[in-house]
Amino acid sequence: MTATIDFGSLGLIGQSACMRRLCERLARVSRFRANVLVLGESGTGKEVVARALHACGPNAQHLFVPLNCAAVARDIVENELFGHEKGAFTGANERKRGLFELADGGTLFLDEIGEMELSTQAKLLRVLERNEFRRVGGAGKIRVDVNVIAASNSDLERAISVGRFRTDLFYRLKVVTLVVPSLRERRDDIPGLVDHFVADFNRRHGPHLTGVSPRALRRLVEHDWPGNVRELKNAVESAAIFATGSRIQLAEVNDVLESARLVARDAPREKGAPAPSAGSTLAEVERRLVLDAVERSATKAEAARALGIGLRTLYSKLNEYRRAEE
Ligand SMILES: Nc1ncnc2c1ncn2[C@@H]1O[C@H](COP(=O)(O)OP(=O)(O)OP(=O)(O)O)[C@@H](O)[C@H]1O
Ligand SMILES: [Mg+2]
């Protein structure tokens with residue numbers, strides 16, 4: 001069974017021992033519509049894993065519906081999940097179906113589940129237990145058959161211990177847990193990923209590049225990649241843009257890694273004006289600063305306070321960054 005799944009064609013590249021183990025577990029789990037919790041650092045490929053789980057499962061012909069709980073303002077999450085009836089609140093001029101209805105028969109992917117508010121967690125738990133829910137402002141119950149895959153890069157057990165995440169929901173969600181290893185724990189995957197991203201670059205921009213020089217590849221394999229596969233992907237793309245020959249050379253990789261390091265270093269650790277650095281625009285410095293604050297804070301509200309901006313502004317910035325990455 002496992003051998004028949006071509007994970008590469010599902011966008012999941014990785015032949016290292018730990019990725020092969022993960023794919024074996026994934027293939028097994030995908031046969032059952034179990035709730036799965038996908039854990040791993042930011043950028044490790046949790047969404048890629050969730051999509052692969054859906055794509056090789058028995059309900060692949062139904063929708064895979066993603067919701068990023070951190071990128072959507074908290075008061076909007078429930079409206080997104082459950083939809084609303086016409087007239088449920090000011091401005092609700094039409095009935096709106098929620099994501100649970102859209103995902104009926106398929107998969108609902110709840111990314112960054114640790115950011116979900118406690119009251120929404122309670123409602124989610126109820127849907128998972130009863131397979132039914134009400135639209136906001138609605139009286140009738142709606143039955144659905146939805147497989148939920150949740151993902152988190154934060155320490156959910158810590159969130160539980162400080163009362164920010166419900167224990168009962170945690171156990172409901174983690175019938176099976178899949179942990180996606182960080183990229184530095186599977187450096188053997190880097191050459192394959194680099195090939196994949198170069199091929200992707202050629203597909204999108206025309207066949208410019210034949211690959212990466214051996215020295216450039218060694219540098220890429222040795223780098224620590226705190227932002228994991230996402231950071232590697234961005235680095236390969238930047239180096240591809242600046243490549244002067246048919247292959248990406250060491251100097252081009254060094255330039256990209258160096259400017260990433262400068263931006264990271266110049267982003268102040270505390271609230272304050274970011275210092276612009278060589279090779280970085282103000283927007284890039286701001287982005288670093290915002291993401292850094294989010295990473296260091298327990299909640300988005302705390303990050304917004306540290307940055308001295310409103311919570312809504314923070315969400316809209318995060319949305320913007322996410323769209324730019326897609
Ligand atoms: N194994 C992989 N093979 C190919 N591409 C990958 C792999 N893992 C991740 N990527 C790519 O890296 C980027 C980040 O992946 P993804 O969005 O799944 O990470 P994530 O763990 O959900 O990150 P976050 O915690 O920030 O939400 C995407 O562009 C994805 O296509
Ligand atoms: Mg994600």
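Author: Happy to! A salt bridge here is a side-chain nitrogen of Lys or Arg within 4 Å of a carboxyl oxygen of Asp or Glu. This is a predicted model, in which local features need pLDDT of at least 70 and side-chain atom pairs count only at pLDDT 80 or more, while totals for chains, interfaces and linings use all residues. Residues are numbered from 1 along each chain as its sequence is written, chains are lettered from A and ligands numbered from 1 in the order written, and side-chain values use heavy atoms, without hydrogens and water.

Reader: Which residue forms a salt bridge with E41?

Author: Across the interface of domain 1 and domain 2, the rule finds 1 salt bridge. The closest N and O atoms of the E41 pair are 2.6 Å apart. The partner of E41 is R184.

Reader: What area do domain 1 and domain 2 bury between them?

Author: The domain assignment, automatic or from a database, gives domain 1 as 2–181 and domain 2 as 184–266. Buried area is the accessible area (1.4 Å probe) that two parts lose on being put together, summed over both. Of this area, 45% is on carbon and sulfur atoms, and the total is about 980 Å².

Reader: Nice. Which three residues supply 46% of the area that domain 1 buries against domain 2?

Author: In this interface, 12 residues of domain 1 are in contact (heavy atoms within 4.5 Å) with 13 residues of domain 2. The three that supply more of domain 1's buried area than any other three are I13, E41 and G43.

Reader: How much of the accessible area of ligand 1 does the protein cover?

Author: A backbone N or O atom of V48 lies 3.1 Å from an oxygen atom of ligand 1, and a side-chain N or O atom of N153 is 3.2 Å from an oxygen atom of ligand 1. On its own, ligand 1 has 630 Å² of accessible area (Shrake-Rupley method, 1.4 Å probe). The protein covers 88%.

Key: A polar contact is a pair of N or O atoms within 3.5 Å; within protein, one must be able to donate a hydrogen and the other to accept it, and residues adjacent in sequence count only if both atoms are side-chain atoms.
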